[in-house]
Amino acid sequence: MKNDNCKNLGIESLGLHEILDLLSEVCMCKEAKVNTRKLNIDVSFERTSELLKETHAAFDALSNFGDIPIGNIKNIKSHLKRAKHQASLSPKELLDIKGVLFSVENILNWYKNLDNFSDVLSDKISSLSPNKQLFVKIDSSIISEEEIADSASSELFSLRNKERALSSKIREILEDIIRSSRYQKFLQESIITVRNSRFVIPIKAEFRSEMEGFLHDTSSSGATVFIEPKQVLDANNQIASLRLQERREIERILSKISEEVANFSDFLLLDYELLVKLDMIFSRARLAKKMRAVPPKLNDSGVTALKKARHPLIDQEKVVPIDVSFGGNIDCLMITGPNTGGKTVSIKIVGIFVIMAKLGLMIPAEDGSEICIFDKIFVDIGDEQSIEQSLSTFSGHISKLVQIIKFADHTSLVLLDELGAGTDPEQGAALALSIVEYLRGKKAKIMVTTHYPALKEYAFSSKGVQNACCEFDVKTLMPTYKLITGIPGRSNAFEISKRLGIKEEIIEKARKFMSLETQKLDFIIESLEIKREEIETKNKELEKLLHQAKIMKNEILTEKKNIKNQSDTFLENSKLKSREIILKARKEATEFLLELKKIKSKGSLAVLDKTKLRKNIKILDESLLEENKIESRHKTPENLKIGDNVLIVDIKKQATVLELDKNDTVTVDTGSVKLKVNISQLKLLDKSDIFKNKKGNVSTKHVRRKRITAVSELDLRGYYSLEAIEELDRFIDSALLSGVNEIRIIHGKGTMVLMREVANHLSYHAHIKSFRPGKYGEGGIGVTVAQLI
């Protein structure tokens, strides 16, 4: 490679083209598909951030409002160029332009539902220029690639009407000839057909001379000739003339529409290019949805932290998610483990995720995953060889490493698979260590897969280098494909051989052939694995307990909420029941009062059932007591704030919170005096509990009962319906005892709800003889006048 500014090497081996193919497949229009396959990852950190913002915005729009309605638009660039050069466009070309205009209109209508959902998208969509006039012109003029509508012009409509009339006339003449007994024996078939755009009838060849007219065609067998009878020659000539005029008119129509296209060609070109860009943006969102991907956090500080990362090119139902984390204090991750255990896939995931991010793609991982946007990516994966130079596997790797060593720097990600393999193990390991040291010296971020124990030891002893391994299950003799950081992998050759049947004595002797350093390292790794398994087991137990605790917490919160709802419902129902009892008791008490009045007038109390009267009075007292108890069982306010409106329950007085003191004491202002009360004596009022009285002062729903201005008059304005009826009953009781025969009830007009409630109550009241609305001078319909029994 002679390039002195190499930025990317070997990225194709990560699956770049396969990712671009996946992206291309979800594009809607052809040019977007083509452009997608040409995408370049040589973009800056800022441009990467912009691309991902676009993708995220498109993903949100796609998820909430459905896909953008671009449709399968056709490339109209050449059409517009021809129109600008005064060429007449074909119906197909005009239909392609109509398709673009249709997509523009659909997208603008679709975007209205987003309600400025994303500024990133609005910048592009708001640049689209709808052209309804041109769209309607093309739509009303062109039916298909071969057919122009009659309505394209009045002249075309007239010509075609004339042609249809002549065609009908010719058919009538030919029908008469076919049905004529004179020509029956001459006919090959009793049909009318067309030859050379003229109406003809099939005649047997031997009767050619019997039919006067023009011969247009002969069948392949020679048995049939197609003759245009002389009776229709003139009409067919007129049709031919009309069709010539029709073609000229169609050419004129197409030319005129093409002129309009030329006038708007710059806007149409901009619209088309914007549609292609939007398709490419939304294709990234479509792929993200397909992959169940998330937007990564971006940085340019070298930190990569992937959570539950899934390789995008492996079946998502089979792929094993991995966690990968390096950068910051760790500049090199040394991955070891058995062959086909997932080492190569692990470094490929990091590389392909960086590439995906630079393409503006979201990544198949968990939320919170973070990626460094490296300026350069260098990859040496696989055993590719240079056939032209006849190089060996080792030489092929070295050729790539020469370029990597030359161009790598602090902005580089270097991915090296089986570094130093393909040659003498001792020399290969030494060379691998030296290359890693050199690249670390250039501040590159490195991921290496290896089998060499020397590199494991190097990771143990070197600051900034971390071991990692791909887990292998010795029991099943299968890799789990999980990446574990912090400890190196083992070859597991002895364990596998033992499980497969190699004698114990052979394995023990093999252990003695290992160097003391290797045995020591193997023992350390085994101890670390045992500790890791113990920690993992404990972590799983803790996670299980934590999960159970969360479930219990949610159940407790739900139960607490249910209890609160039940308590509130019980209190409300109790209040209603108590009020019903009170009303019933008062009604019965009123009846006894009336009975008492009658007996009093007779001068004797002998017939009065005193026991029943005492019983009803007792019921009334108990009901009032229960009402007070229920009212006292209010909910103690939570999260009380200064300025809140509250009710002091004991004295049924509204107040405003001034200060929140210690020991659940609150300073409140009642309007006339400031008090210190315990929070348990307060009830928080919402808006529905507060209204304004006639003077405009705010008071609670526990309205102070208004005074009776005269024994025969009651003012109910400002009362709720239920309270008004209670007050009315007390007033009627008092009037009965006072010997009043007529009462005047002031309820006002307003919405007339209170007037209807009063009328309804009076109509069923045992002591009301009659009632009527007030007359002029009495207060009109704002007053009800009632006669007592």
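**Entry 1: D661**

Does D661 count as buried, exposed or partly exposed, and at what relative accessibility? I looked it up: D661 counts as partly exposed, because its relative accessibility is 25%. My note on the words: buried is under 20% relative accessible area, exposed is over 50%, and partly exposed lies in between, with a 1.4 Å probe and protein chains only.

Before going on, I wrote down that this is a predicted model, where local features need pLDDT of at least 70 and side-chain atom pairs count only at pLDDT 80 or more, while totals for chains, interfaces and linings use all residues. Residues are numbered from 1 along each chain as its sequence is written, and side-chain values use heavy atoms, with hydrogens and water left out.

I found D661 in the loop between β17 (653-660) and β18 (665-669). Helices (H or I, at least four residues) and strands (E, at least two) are DSSP runs, numbered from the N terminus.

Which residues does D661 contact, leaving aside neighbours within four places in sequence? I listed V666, T667 and K676; contact means heavy atoms within 4.5 Å. With K676, the side chain of D661 makes a polar contact of 3.0 Å. A polar contact is a pair of N or O atoms within 3.5 Å; within protein, one must be able to donate a hydrogen and the other to accept it, and residues adjacent in sequence count only if both atoms are side-chain atoms. D661 and K676 are 15 residues apart along the chain, and I noted 8.8 Å between their C-alpha atoms.

**Entry 2: the whole chain**

I stepped back and counted 20 helices and 26 strands in the chain. Of its 789 residues, 41% count as buried. I also looked at contacts between residues at least 6 apart in sequence: 65% of them join residues at least 24 apart. The chain exposes about 43,900 Å², and carbon and sulfur atoms supply 52% of that; the area comes from the Shrake-Rupley method with a 1.4 Å probe, and for residues only the protein chains shown count as cover.

**Entry 3: the nonpolar cores**

In soluble globular proteins, nonpolar side chains tend to be buried together. A nonpolar core here is a set of buried Ala, Val, Leu, Ile, Met, Phe, Trp, Tyr and Cys residues joined through side-chain atoms within 4.5 Å.

How many residues does the largest nonpolar core have? I read off 98, and the residues with the most contacts inside it are I97, V261, L306, V324, F353 and M447. Helix α10 (residues 265-291) gives the most to this core, with 13 residues. I picked V324 to follow up: not counting residues up to four places away in sequence, V324 touches T304, A305, L306, L333, V350, M447 and L483. Apart from this core lies another, of 25 residues, including C6, I404, A429 and L439.

**Entry 4: H79**

I turned to H79, which sits in helix α4 (residues 77-84). H79 counts as buried because its relative accessibility is 9%. Beyond four places in sequence, H79 touches L89, E93, D96 and I97. The side chains of H79 and D96 are joined by a polar contact of 3.0 Å.

**Entry 5: strand β14**

I checked strand β14 (residues 465-473) and found it mostly covered, with 7 of its 9 residues buried. Two strands pair if DSSP finds at least two bridges between them. Strand β9 (residues 332-336) pairs with β14 in the parallel sense over 5 bridges, and C332 has V465 in β14 as its bridge partner. With strand β15 (residues 478-485), β14 runs antiparallel, joined by 5 bridges. There, D473 stands opposite M478.

**Entry 6: a four-stranded sheet**

In what order do the 4 strands of the open sheet stand? I wrote down β23-β24-β26-β25, with mixed pairing. The edge strands, each pairing on one side only, are β23 (713-715) and β25 (768-773). I noted an average twist of 20° from one strand to the next. Helix α20 (residues 753-764) packs on the sheet and touches β24, β25 and β26, and its direction makes about 155° with that of β25. Axes are lines fitted to C-alpha atoms, for helices over the stretch in contact, and angles run from 0 to 180 degrees between N-to-C directions. Inside the sheet, E742 has Q787 in β26 as its bridge partner.
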